[in-house]
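Here is a friendly tour of one protein model, with an eye on its charged residues. Please keep the structure open beside the text as you read.

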Amino acid sequence: MVVRLRLSRFGCKNKPFYRVMAADSRSPRDGKHLEVLGYYNPLPGQDGGKRMGLNFDRLKYWLSVGAQPSEPVQRLLFRAGVLPPPPMLAMGQKGGPRDTRLVDPMTGRITTPESANPTVGSEVDEDKD
(Lines give C-alpha, C1' and ligand atoms only; values in the text may rest on other atoms or scores of the structure.)
Protein backbone atom coordinates (compact mmCIF):
# COMPACT_ATOMS: atom_id res chain seq x y z
CA MET A 1 0.00 0.00 0.00
CA VAL A 2 1.51 3.30 -1.13
CA VAL A 3 0.33 6.31 0.87
CA ARG A 4 -0.10 9.57 -1.03
CA LEU A 5 -0.58 13.05 0.39
CA ARG A 6 -3.09 14.66 -1.93
CA LEU A 7 -5.94 17.14 -2.20
CA SER A 8 -9.59 16.13 -1.94
CA ARG A 9 -12.07 18.58 -3.47
CA PHE A 10 -15.02 19.98 -1.56
CA GLY A 11 -17.21 23.02 -2.09
CA CYS A 12 -19.66 24.10 -4.76
CA LYS A 13 -19.28 24.58 -8.47
CA ASN A 14 -16.80 27.42 -9.17
CA LYS A 15 -16.02 27.66 -5.42
CA PRO A 16 -13.50 24.90 -4.71
CA PHE A 17 -12.20 24.08 -1.27
CA TYR A 18 -9.60 21.36 -0.70
CA ARG A 19 -8.55 19.16 2.18
CA VAL A 20 -5.04 17.74 2.39
CA MET A 21 -5.44 14.00 2.92
CA ALA A 22 -3.26 10.99 3.54
CA ALA A 23 -4.83 8.27 1.39
CA ASP A 24 -4.05 4.99 -0.31
CA SER A 25 -2.92 5.65 -3.87
CA ARG A 26 -5.57 3.24 -5.22
CA SER A 27 -8.54 5.03 -3.64
CA PRO A 28 -10.44 7.69 -5.64
CA ARG A 29 -9.79 11.42 -5.20
CA ASP A 30 -12.77 12.08 -2.94
CA GLY A 31 -12.96 8.52 -1.60
CA LYS A 32 -11.65 6.74 1.46
CA HIS A 33 -8.75 8.38 3.28
CA LEU A 34 -6.50 7.56 6.22
CA GLU A 35 -6.25 10.99 7.84
CA VAL A 36 -7.13 14.66 7.24
CA LEU A 37 -3.93 16.75 7.50
CA GLY A 38 -5.19 20.25 6.72
CA TYR A 39 -7.08 22.41 4.27
CA TYR A 40 -6.41 24.77 1.36
CA ASN A 41 -8.77 27.43 0.03
CA PRO A 42 -7.50 28.80 -3.31
CA LEU A 43 -10.10 31.58 -3.50
CA PRO A 44 -8.89 34.88 -2.09
CA GLY A 45 -10.40 36.08 1.15
CA GLN A 46 -11.34 39.63 2.03
CA ASP A 47 -7.68 40.60 2.37
CA GLY A 48 -6.77 38.97 -0.98
CA GLY A 49 -4.69 36.10 0.46
CA LYS A 50 -5.14 32.38 -0.05
CA ARG A 51 -5.97 30.38 3.04
CA MET A 52 -4.39 27.15 4.20
CA GLY A 53 -4.02 25.35 7.49
CA LEU A 54 -1.76 22.35 7.97
CA ASN A 55 -1.04 19.98 10.83
CA PHE A 56 2.78 20.06 10.60
CA ASP A 57 3.39 17.29 13.15
CA ARG A 58 1.26 14.78 11.26
CA LEU A 59 2.62 15.91 7.88
CA LYS A 60 6.18 15.31 9.06
CA TYR A 61 5.15 11.92 10.41
CA TRP A 62 3.62 10.79 7.11
CA LEU A 63 6.63 12.06 5.16
CA SER A 64 8.98 10.21 7.55
CA VAL A 65 7.21 6.88 6.99
CA GLY A 66 7.44 7.24 3.20
CA ALA A 67 4.25 8.95 2.05
CA GLN A 68 4.63 10.62 -1.36
CA PRO A 69 3.07 14.07 -1.86
CA SER A 70 1.28 14.84 -5.11
CA GLU A 71 2.56 17.81 -7.16
CA PRO A 72 -0.01 20.33 -5.83
CA VAL A 73 0.60 19.21 -2.24
CA GLN A 74 4.35 19.38 -2.83
CA ARG A 75 3.99 23.01 -3.94
CA LEU A 76 1.85 23.81 -0.87
CA LEU A 77 4.38 22.21 1.46
CA PHE A 78 7.20 24.14 -0.21
CA ARG A 79 5.33 27.42 0.24
CA ALA A 80 4.69 26.54 3.89
CA GLY A 81 8.42 25.83 4.37
CA VAL A 82 8.14 22.09 5.10
CA LEU A 83 9.76 20.73 1.91
CA PRO A 84 12.63 21.92 -0.27
CA PRO A 85 11.69 23.43 -3.64
CA PRO A 86 10.40 20.99 -6.25
CA PRO A 87 12.59 20.23 -9.26
CA MET A 88 12.73 22.87 -11.97
CA LEU A 89 10.91 20.58 -14.41
CA ALA A 90 7.79 20.72 -12.24
CA MET A 91 8.05 24.50 -11.94
CA GLY A 92 7.66 25.07 -15.68
CA GLN A 93 4.62 22.86 -16.30
CA LYS A 94 0.97 23.77 -16.69
CA GLY A 95 0.83 27.48 -17.34
CA GLY A 96 4.37 28.77 -17.02
CA PRO A 97 6.48 29.71 -14.02
CA ARG A 98 5.13 29.25 -10.51
CA ASP A 99 5.17 31.65 -7.61
CA THR A 100 7.93 30.42 -5.31
CA ARG A 101 7.54 32.91 -2.46
CA LEU A 102 6.92 31.49 1.03
CA VAL A 103 3.41 31.85 2.42
CA ASP A 104 2.43 31.93 6.08
CA PRO A 105 0.09 28.93 6.49
CA MET A 106 -2.05 30.59 9.16
CA THR A 107 -2.75 33.92 7.44
CA GLY A 108 -2.13 33.04 3.79
CA ARG A 109 0.03 36.13 3.32
CA ILE A 110 3.40 36.12 1.61
CA THR A 111 6.23 36.23 4.16
CA THR A 112 9.24 38.43 3.63
CA PRO A 113 12.67 37.86 5.16
CA GLU A 114 13.68 40.22 7.94
CA SER A 115 16.73 41.36 5.96
CA ALA A 116 14.41 42.93 3.38
CA ASN A 117 12.92 45.27 5.99
CA PRO A 118 13.28 48.77 4.50
CA THR A 119 13.28 50.56 7.88
CA VAL A 120 16.48 48.91 9.10
CA GLY A 121 19.65 50.51 7.77
CA SER A 122 17.82 53.14 5.72
CA GLU A 123 19.73 56.08 7.21
CA VAL A 124 21.59 58.04 4.58
CA ASP A 125 25.00 59.46 5.38
CA GLU A 126 25.33 63.03 4.23
CA ASP A 127 28.50 64.02 2.39
CA LYS A 128 30.67 66.58 4.15
CA ASP A 129 32.07 69.13 1.72
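Glu-35 and Arg-58 form a salt bridge, with their closest N and O atoms 2.9 Å apart; the term asks for a side-chain nitrogen of Lys or Arg within 4 Å of a carboxyl oxygen of Asp or Glu. The pair links distant parts of the chain, 23 residues apart, with Glu-35 in strand S3 (residues 35-41) and Arg-58 in helix H1. The structure holds one salt bridge.

A word on the source: this is a predicted model, in which local features need pLDDT of at least 70 and side-chain atom pairs count only at pLDDT 80 or more, while totals for chains, interfaces and linings use all residues. Residues are numbered from 1 along each chain as its sequence is written, and side-chain values use heavy atoms, with hydrogens and water left out.

| Residue | Relative accessibility | Class |
|---|---|---|
| Glu-35 | 19% | buried |
| Arg-58 | 29% | partly exposed |
| Asp-57 | 62% | exposed |

Asp-57 sits in helix H1 (residues 56-64); helices are DSSP runs of H or I with at least four residues, strands are E runs of at least two, and both are numbered from the N terminus. Between the C-alpha atoms of Asp-57 and Leu-37 there are 9.3 Å in space, and the two are 20 residues apart in sequence.

Now for a charge without such a partner. Arg-6 belongs to strand S1 (residues 3-12). Arg-6 is buried yet has no salt bridge, and Asp-24, the nearest side chain of opposite charge, is 7.2 Å away; here Lys and Arg count as positive, Asp and Glu as negative, and His and the chain ends are not counted. The Arg-6 side chain does, however, reach the backbone oxygen of Asp-24 at 3.3 Å. Leaving aside residues up to four places away in sequence, Arg-6 touches several others, including Arg-19, Met-21, Ser-70 and Val-73, where contact means heavy atoms within 4.5 Å.

Val-73 leads on to helix H2 (residues 71-80), where it is buried along with Leu-76, Leu-77, Phe-78, Arg-79 and Ala-80. Among the elements covering these buried residues are S1, S3 and H1. Gly-81 follows H2 and has a positive phi, near 90°.

Finally, the whole chain: three helices and five strands run in the order β-β-β-β-α-β-α-α. Of its 129 residues, 29% count as buried.

Terms used:
Buried < 20%, exposed > 50% of the residue type's maximum accessible area, 1.4 Å probe, protein only. Polar contact = N/O pair within 3.5 Å; in protein donor to acceptor, adjacent residues only side chain to side chain.
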